[in-house]
Amino acid sequence: MNRQIARLALVGLALLAALIVGTTYWQTWATAGLADRQDNEIARVAQFSIKRGLIRAADGTILATNRRKRVGGQTLYFRRYPTGGLFAHIVGYSTQSRSRSGLESSENDFLTGSNTNLKSIVDKTIAQLSGATIKGNDLWLTLRPAAQRVAMAQLAGKCGAAVALDPRTGAVLAMASQPTFDPNLVESNFASISHIQGACRGSAPLLNRATDGLFVPGSSFKVVTTAAALDSGRYVIGSRFVDRGYCIEYGQKVKNFADQGRVEVFGSVDFLQAFEHSINAVFCQIGQAIGPTSILNASKRFGFYKDPPLETPSSERSPSGLYDQHSRLFDPGRPDQVDVGRLAFGQGPATAHPLVTPLQMAMVAAGVANSGVVMRPYVVGRVTAPGGSVIARTKPHKYKRAMNTTTAHDINQMMQAVVTGGTGTAAQIPGIRVAGKTGSGEQSGQPNPNTTWFIAFAPADSPRVAVAVVLQNQTGAGGTTAAPIAKAIMEALLAGRSNP
């Protein structure tokens with residue numbers, strides 16, 4: 001009798017092992033093929049018989065949950081998003097008719113329990129054998145709801161985006177894009193989303209401007225140029241220049257930014273003053289001296305020319321860099337293919353003009369804040385199984401060494417000067433030292449409307465927050481339009497810095 005029981009047990013274990021191996025095959029090696037078969041109705045229906053894992057913010061706020069519905073004798077689970085459009089671009093949506101986007105797409109394996117973690121496979125297999133509901137794993141994001149609400153409220157009625165990072169770890173603390181959309185309407189009333197009108201041409205509410213929007217950086221790019229100049233050894237923070245209000249590039253005058261219609265002339269200045277007052281003519285001279293290769297190599301050390309690393313789908317992230325007139329990423333092979341004088345202050349002709357994402361510019365600010373080291377950004381902090389055990393946790397790690405420590409220290413000082421007495425005074429926070437850089441990118445060579453920027457970090461002496469804000473279709477400059485928004489976001493995060 002004992003021998004028969006033993007044989008039955010062995011047979012049972014063998015069958016269970018075979019089922020696990022088979023499940024692993026279909027979930028791991030064969031999953032891509034199944035995913036490509038959009039006509040696979042059985043697979044689509046089966047997805048909704050799974051109780052997808054929750055998506056939570058850092059404080060536990062539920063961003064994505066399920067509603068149970070009986071359909072044709074089956075219990076199916078459809079997504080519901082309690083916070084509406086507040087986190088829509090990063091969380092995304094999961095629907096029957098319009099597939100998935102955001103983390104709902106890229107983290108689908110975790111959310112449906114189809115990841116290759118052994119515990120998930122065993123739990124899912126046992127659930128299938130017993131006829132119980134298959135439950136997915138929960139995602140815990142690094143996003144802070146209080147700061148996210150501030151960012152979205154500050155951007156409301158505008159076309160723009162904001163990203164806030166912890167420069168020490170790379171954790172994404174806030175990621176806002178406006179106009180936004182309600183993911184609860186994607187399945188039932190998509191037309192209402194497609195007709196959203198924002199404050200800019202082609203408002204595109206489904207576009208995550210924070211990671212996939214490309215914008216002229218204007219003078220915010222001077223941080224990159226300054227890193228290249230100081231690292232080259234040709235300049236120091238006290239190097240002197242003469243500003244005549246313009247420099248000559250290809251036989252034409254390249255003038256300083258015309259704030260309120262008047263081109264300023266500063267005369268004799270040092271490097272810190274040129275940065276503090278964002279003097280285009282001086283940066284034009286610097287660009288001509290160090291050349292485009294030096295500047296572009298410096299940009300690559302921050303992460304330019306690569307999709308910014310994040311857990312969202314690659315189709316929802318764009319690389320920063322030079323773009324040509326056909327909107328193609330352009331890495332020039334010869335110096336004469338670049339207008340280096342304009343590149344140095346974040347502008348350029350249609351044939352080779354810089355375009356950047358807010359995420360990339362937040363990484364630039366974070367690199368300076370973190371003594372020259374850019375940490376890999378991430379938004380999924382951990383993944384927990386249905387029982388609450390942690391099955392995956394993101395460990396912060398270095399992404400790029402953007403500059404040496406001395407250069408980072410000097411740029412920190414220069415960015416502080418921008419806020420204390422330069423173009424970014426609107427970002428001042430009482431009792432906290434803020435470092436920042438303004439930017440106003442001209443569109444198609446026209447002075448208006450501008451794309452305005454502010455990138456910053458705080459506290460400057462012990463940075464905990466790095467932020468980038470961009471606004472489209474602005475008649476003002478970055479210091480008056482984007483800087484106050486960055487200030488509000490930093491204040492929200494620093495006020496709650498002891499929170500998870």
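A crossing of two helices is left-handed if the near helix is turned anticlockwise from the far one by less than a right angle, and right-handed if clockwise. This is a predicted model, where local features need pLDDT of at least 70, side-chain atom pairs count only at pLDDT 80 or more, and totals for chains, interfaces and linings use all residues. Residues are numbered from 1 along each chain as its sequence is written, and side-chain values use heavy atoms, with hydrogens and water left out.

Start with the helix pair. Helix 8 (residues 145–155) packs against helix 17 (residues 483–495) at about 165°, with axes 9 Å apart (axes are lines fitted to C-alpha atoms over the stretch in contact, and angles run from 0 to 180 degrees between N-to-C directions). That makes the two roughly antiparallel, a label for angles over 145 degrees. Helix 8 passes helix 17 in a right-handed crossing. Among the residues that meet are Ala147 and Val150 in helix 8 and Pro484 and Ile485 in helix 17, contact being heavy atoms within 4.5 Å.

Now the sheet: six strands, open, in the order 3-2-1-4-16-17, with mixed pairing. Strands pair if DSSP finds at least two bridges between them. Strand 3 and strand 17 (390–393) are the edges, each pairing on one side only.

| Strand pair | Sense | Bridges | Bridge partners |
|---|---|---|---|
| strand 2 and strand 3 | antiparallel | seven | Val71 and Gln74 |
| strand 16 and strand 17 | antiparallel | three | Val383 and Ala392 |

Five of the seven residues of strand 3 (residues 74–80) are buried, so the strand is largely enclosed by the rest of the structure; buried means under 20% relative accessible area with a 1.4 Å probe, protein chains only.

Key: Buried < 20%, exposed > 50% of the residue type's maximum accessible area, 1.4 Å probe, protein only. Helix = DSSP H or I, 4+ residues; strand = E, 2+ residues; numbered from the N terminus. Parallel < 35°, antiparallel > 145°, perpendicular 65-115°, else oblique.
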